[in-house]
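Have the model open as you read.

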Amino acid sequence: MRRWMGIPVAAVMLTACVTINVYFPAAEAKEAAKEFVEKVIGDQPQIQTPEAPKDGGKPGGSASSERPGLEWGQLASRIDWLSLAGIGSAHAQSPDISIKTPAIQAIQSRMAQRFDSQLRAHFDSGALGFASNGTVAVRDASKIPLSDRVGVNQAVADQGRDSAAVYREIAVANNHPEWEGQIRQVFARQWVDSAKGGWWYQDAGGGWKQK
């Protein structure tokens, strides 16, 4: 009986000693970035096929009751200490990245409208490209008609401000403002991944490459 009484105490002690490390959910951030970016540049995001649920149990299995006389070593080996302490694994607790707040969707709408009306044609001509910091940059101003340059430069600056704002807003909306830099990096890669063939982008060293 004394051996059984020690279990709740051990569980409490374990709870007090465990520190939960909240990690950046890179896979979830990539999915969110893909959805956001492809709406801005005009493509519908691809539908992801959900994975089949994983059943940890065995068919026909049933929970077995502990029999009197079990040794402490046998009992301890059957205890899921993390579950007892109320702590799941880091993978099981991975948070989703939400991009559905009114503020984020308002920025997304502005960026999509601006891209379609003012920027897309200049991506097609090679004048503009995706910068390595997750914004838009002028790659070759000579490809922009002189009469359009002021307007295009203004649109590029506005798109850059909205990009920075949305990376910050996504981090704050998901209760982790410290993730802003990582979210920017994920988006920077996604702009390139979602770019059309023939569009330009900067590599990590700042050089321009054509997709």
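Ala155 is buried, with a relative accessible area of 2%; buried means under 20%, exposed over 50% and partly exposed in between, using a 1.4 Å probe and protein chains only. Ala155 sits in helix 6 (residues 149-173). Helices (H or I, at least four residues) and strands (E, at least two) are DSSP runs numbered from the N terminus.

Leaving aside neighbours within four places in sequence, Ala155 is in contact (heavy atoms within 4.5 Å) with Arg114, Gln118 and Leu119. Leu119 is 36 residues from Ala155 in sequence, with 7.3 Å from C-alpha to C-alpha.

## How the model is read

This is a predicted model, in which local features need pLDDT of at least 70, side-chain atom pairs count only at pLDDT 80 or more, and totals for chains, interfaces and linings use all residues. Residues are numbered from 1 along each chain as its sequence is written, and side-chain values use heavy atoms, leaving out hydrogens and water.

## Aromatic pairs

The structure holds 10 aromatic pairs. Rings of Phe, Tyr and Trp (its six-membered ring) pair if their centres lie within 6.5 Å; planes under 30 degrees apart count as stacked, over 60 as edge-to-face and the rest as tilted.

Phe115 and Phe130 are stacked, because their ring centres are 6.5 Å apart and their planes at 10°. Phe115 belongs to helix 5 (residues 102-125) and Phe130 to strand 1 (residues 128-130), so the pair ties together parts 15 residues apart in sequence. Phe130 also stacks with Trp191, with centres 5.4 Å apart and planes at 25°. That pair links distant parts of the chain, since Trp191 is in helix 7 (residues 180-194), 61 residues from Phe130.
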